[in-house]
Amino acid sequence: MTVAINLVVSVLVIIVLQLLGMLIFSWMTPFKDMEELKKGNVAVGLALGGKFLATAIVLGVAAYTNTSILFMAMWFAIGYVCLVAAYWLFELVTPGFHIADMLQKGNVAVATLLCMVFIGTAFAVSSLIV
């Protein structure tokens, strides 16, 4: 019975952390992600999908390597900060344009690269989680 309770609690915490991570990412953009998706903006969809997958990778590894929910959440927070830092570093190394502007205009090339930046950062950071 304890195993089942631990599993349910862990799954609920994972869902809450994933949603919290996506909420924070949505605050980082000057536009409303869901409104852009409703308009059919593929670029925003790619960027949002990359963010979701990246947070899921970090969260999955944090959950797999830690038996404590507290440590899982702590490692997720550390990994998440790294994902946010990757976004801002990407913004810094692309001085010719602003990422959010390109996404809102539907620039799929920028969105694809950003998606891969998120996923690559998630894999790299996840290798450090113990």
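Me: In this predicted model, exposed means over 50% relative accessible area and buried means under 20%. Is lysine 39 buried or exposed?
Reply: The relative accessible area of lysine 39 is 62%. The cut-off for exposed is over 50%. Lysine 39 is therefore exposed.

Me: Which residue forms a salt bridge with lysine 39?
Reply: Side chains of opposite charge can pair when their charged atoms come close. A salt bridge needs a side-chain nitrogen of Lys or Arg within 4 Å of a carboxyl oxygen of Asp or Glu. For lysine 39 the closest N and O atoms are 3.2 Å apart, and the partner is glutamate 36.

Me: Is glutamate 36 buried or exposed?
Reply: Glutamate 36 has 5% relative accessibility. Buried means under 20%, so glutamate 36 counts as buried.

Me: How many salt bridges are there by this rule?
Reply: Lysine 39 and glutamate 36 form a salt bridge. By the rule, the count comes to one.

Me: Is alanine 111 buried or exposed, and in which helix does alanine 111 lie?
Reply: Alanine 111 has 0% relative accessibility, so this residue counts as buried. Residues 108–126 make up the helix that holds alanine 111, namely helix 6.

Me: Which residues does alanine 111 touch, not counting residues up to four places away in sequence?
Reply: Contact means heavy atoms within 4.5 Å. With sequence neighbours up to four places away left out, alanine 111 touches Ala43, Leu46, Ala47 and Leu103.

Me: What accessible area do the residues of the nonpolar surface patch have together?
Reply: The patch is formed by Leu7, Val8, Val11, Leu12, Ile15 and Leu19. One of them, leucine 12, is found in helix 1, residues 2–28. Together the patch residues have an accessible area of about 570 Å².

Key: Residues are numbered from 1 along each chain as its sequence is written. This is a predicted model: local features need pLDDT of at least 70, side-chain atom pairs count only at pLDDT 80 or more; totals for chains, interfaces and linings use all residues. Side-chain values use heavy atoms; hydrogens and water are left out. Patches are made of residues with over 30% relative accessible area and no salt bridge: like charges are joined within 9 Å, nonpolar side chains (Val, Leu, Ile, Met, Phe, Trp, Tyr) within 5 Å. Accessible areas come from the Shrake-Rupley method with a 1.4 Å probe; for residues, only the protein chains shown count as cover. Helices (H or I, at least four residues) and strands (E, at least two) are DSSP runs, numbered from the N terminus. Buried means under 20% relative accessible area, exposed over 50%, partly exposed in between (1.4 Å probe, protein chains only).
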